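Open the model in your viewer and keep the selection panel at hand. Each stop gives you something to select and tells you what is there.

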Amino acid sequence: MISSVILDSQTYHAIVQDALGALPPRISAELKDVAIVIEDEPPPGRQGILLGLYEGVPLTTWGREYSGKLTDKITLYRASIERVARTEEEIPHLVRETLWHEIAHYFGFDHAAIGQMERRWRNKRVKETKTIE
Ligand SMILES: [Zn+2]
C-alpha cells in the first residue's frame, strides 16, 4: 500500500484557484453565490468514497431567483481525495475533476451528462500525461 498523500490547506486553495482559473470565462461569469469549502471528511453514512458535494438550487431550476435561498455550497473532501490519489501529482487532477463535477451540478447537469464530460476530461488528461513523459 502506498502511504497517503497529505497536502496543507494553502496548497488546496491554490489548486482550487487554478481549477477555477481554468474554467471558460462564460462559465466563471455565471458562477455567482457559490461558496467553495474544503473539509476533511464527508458526513458519515455515505456509501463509497465521496470526493465532493454540491448543495443548493441549480441554475436551471425554475424560481431559483425568487427562492431567497442561501448561497450554494460546493464541498471538497480532502481526506477522500488523498485516499484516492496514488501520487501527489494526481491531487490537482482529482480536485479539478471533483470541482468541475460539482460546478456541473450547479449548472443543472445530471450524472449522465456529467459522466460524458468526465470521460472527455479523462481522455484529455491521459493525452496530456503522455506528452509530458
Ligand atoms: Zn454528482
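Select Gln10, His13, Gln17 and Gly21. These exposed residues sit on the face of helix 1 turned away from its buried side. Helices (H or I, at least four residues) and strands (E, at least two) are DSSP runs, numbered from the N terminus.

Two notes on the model before moving on. It is predicted: local features need pLDDT of at least 70, side-chain atom pairs count only at pLDDT 80 or more, and totals for chains, interfaces and linings use all residues. Residue numbers start from 1 along each chain as its sequence is written.

**Helix 1, the other face**

Now select Ile15, Val16 and Ala19, the buried residues of helix 1. Look down the helix axis: they fall within an arc of 100 degrees, so they line one face of the helix. That arc is taken over the directions from the helix axis to the C-beta atoms. Strand 1 and helix 4 are among the elements that cover these buried residues. Then select all of helix 1, residues 9-21. Its 13 residues reach 18 Å from first C-alpha to last, close to the 18 Å expected at 1.5 Å a residue. The expected span is 1.5 Å times one less than the number of residues.

**Into the loop**

Go to aspartate 33, in the loop between helix 2 (25-30) and strand 1. Its phi is positive, about 55 degrees, although it is not a glycine. Buried or exposed, with 11 C-beta neighbours inside 10 Å? Aspartate 33 counts as exposed.

Strands of a sheet pair through backbone hydrogen bonds, parallel or antiparallel. Here two strands count as paired if DSSP finds at least two bridges between them.

Select strand 3, residues 72-77. Strand 2 runs antiparallel to strand 3, joined by four bridges. Strand 1 pairs with strand 3 in the parallel sense, over six bridges. Centre on threonine 75. It is the bridge partner of leucine 53, and also that of valine 37. Strand 3 is mostly covered, with five of its six residues buried.

**Helix 4**

Contact means C-beta atoms, placed from the backbone, within 7 Å. The 17 residues should span 24 Å at 1.5 Å a residue, and the end C-alpha atoms are 24 Å apart, which agrees. Its buried residues include Ile91, Val95, Leu99 and Trp100.

Select leucine 94, in helix 4. With 19 other C-beta atoms within 10 Å, leucine 94 is partly exposed. Leaving out residues up to four places away in sequence, leucine 94 touches Leu51, Ile81, Val84 and Ala85. The C-alpha atoms of leucine 94 and leucine 51 are 8.4 Å apart, though 43 residues separate the two along the chain.

Next, valine 95. Beyond four places in sequence, valine 95 touches Ile15, Val16, Ala19, Leu76 and Ile81. Past the end of the helix, find glycine 108, with a positive phi near 90 degrees.

**The core**

Which residues touch the most other members of the largest nonpolar core? Ile81, Val95 and Leu99 do, in a core of 15 residues. A nonpolar core is a set of buried Ala, Val, Leu, Ile, Met, Phe, Trp, Tyr and Cys residues joined through C-beta atoms within 7 Å. Helix 1, strand 3 and helix 4 each give two or more residues. The largest share, six residues, comes from helix 4.

**Zoom out**

Of its 133 residues, 18% count as buried.

Definitions and conventions. Buried ≥ 20, exposed ≤ 12 C-beta atoms within 10 Å, placed from the backbone. Contact = placed C-beta atoms within 7 Å.
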